[in-house]
Amino acid sequence: MESFGTRLHRAVIERGPLCVGIDPHPGLLAQWGLPDDVHGLDRFSRTVVEALGDRVAVVKPQSAFFERFGSRGVAILESTIRQLRDAGSLVLLDVKRGDIGSTVSAYAAAYLDPSSPMYVDAVTASPYLGVGSLAPMFELAAEHGGGVFVLALTSNPEGAAVQRAVTADGRTVAQTVIDEISQLNMGASPLGSFGLVVGATIGDTGHDLSGVGGPLLAPGLGAQGAGAADLRTVFGSSLASVLPSYSREVLSAGPDVAALRAAADRVLVDCRAVLPAR
Ligand SMILES: O=c1ccn([C@@H]2O[C@H](COP(=O)(O)O)[C@@H](O)[C@H]2O)c(=O)[nH]1
């Protein structure tokens with residue numbers, strides 16, 4: 001099977017460098033005139049799939065908003081994942097998993113094994129039990145053409161105290177994560193399958209992203225205050241690997257399908273003005 005990096009590279013060329021999140025916040029359900037229950041969740045998700053599944057490179061369901069409805073919410077997440085795959089977008093499940101290695105094996109089986117009902121193209125993962133503890137995810141992803149996006153410099157203000165702390169060898173915690181992921185992508189072409197999450201809100205932190213070789217997911221755009229122009233400051237010479245990610249900025253245009261498409265088109269135009277042509 002083709003690697004996730006190869007599939008993502010092609011999707012970005014065909015559809016443009018954009019990830020849109022499915023984050024069914026209670027406030028958005030209300031704004032869309034939907035009930036805050038599984039019926040509202042289902043209608044919300046189906047509408048986003050109908051509007052964007054056949055045109056956006058990557059769609060990123062946020063697991064938390066499905067999990068809050070228990071097993072019926074998770075069933076809707078599974079169905080949403082299937083619908084997105086049928087519509088042709090890559091599915092990145094934002095679930096930020098991480099644990100000791102033996103438990104990470106089970107998370108890997110849940111999301112990156114093609115026989116799982118929750119099988120997706122890629123997941124987000126947390127490295128704070130050590131990047132090495134995520135090895136079962138990296139291995140299963142490599143075996144089945146999947147991807148893993150590891151948190152490095154998150155978009156929230158609280159992240160800096162942990163991620164920019166300096167380790168014994170003088171590098172920040174984030175730089176050690178960046179360097180370990182760079183190693184995993186070594187030699188991959190045109191794009192590695194192991195990505196990093198770097199918030200568009202963080203400004204110029206001086207971290208070296210030049211050797212990553214994989215995609216750089218950039219949340220924090222729109223609702224969290226960053227704009228496309230901030231990508232230049234945060235990513236500098238690594239702009240070509242950036243996958244901008246918007247949730248509320250696009251979703252708040254719904255429930256009208258044409259309005260959702262127009263909102264996604266608008267943010268894509270903004271990002272294309274900043275990112276190098278691919
Ligand atoms: O550093 C991070 C990592 C993940 N996220 C997630 O992205 C979306 C952002 O939603 P917006 O509505 O565009 O603010 C959300 O699911 C977060 O959990 C992030 O924001 N920052």
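Biologist: Which residues touch the most other members of the largest nonpolar core?

Modeller: This is a predicted model, in which local features need pLDDT of at least 70, side-chain atom pairs count only at pLDDT 80 or more, and totals for chains, interfaces and linings use all residues. Residues are numbered from 1 along each chain as its sequence is written, and side-chain values use heavy atoms, with hydrogens and water left out. A nonpolar core is a set of buried (under 20% relative accessible area, 1.4 Å probe, protein chains only) Ala, Val, Leu, Ile, Met, Phe, Trp, Tyr and Cys residues joined through side-chain atoms within 4.5 Å. In the largest one, of 76 residues, the answer is Val148, Leu196, Leu231 and Phe235.

Biologist: Which residues does Phe235 touch, leaving out those up to four places away in sequence?

Modeller: Contact means heavy atoms within 4.5 Å. On that basis the partners of Phe235 are Val198, Leu209, Leu216, Ala218 and Val242.

Biologist: How many residues of strand S6 are buried?

Modeller: Strands are DSSP runs (E, at least two residues), numbered from the N terminus. In a regular strand, side chains alternate between the two faces of the sheet. On one side of S6 lie Phe194, Leu196 and Val198, and on the other Gly195 and Val197, all buried. For S6, residues 194-198, the count is five of five.

Biologist: Which residue of S7 is the bridge partner of Val197?

Modeller: Strands pair if DSSP finds at least two bridges between them. S6 and S7 (residues 216-218) are parallel, with two bridges. The partner of Val197 is Leu217.

Conventions:
Buried means under 20% relative accessible area, exposed over 50%, partly exposed in between (1.4 Å probe, protein chains only). Helices (H or I, at least four residues) and strands (E, at least two) are DSSP runs, numbered from the N terminus.
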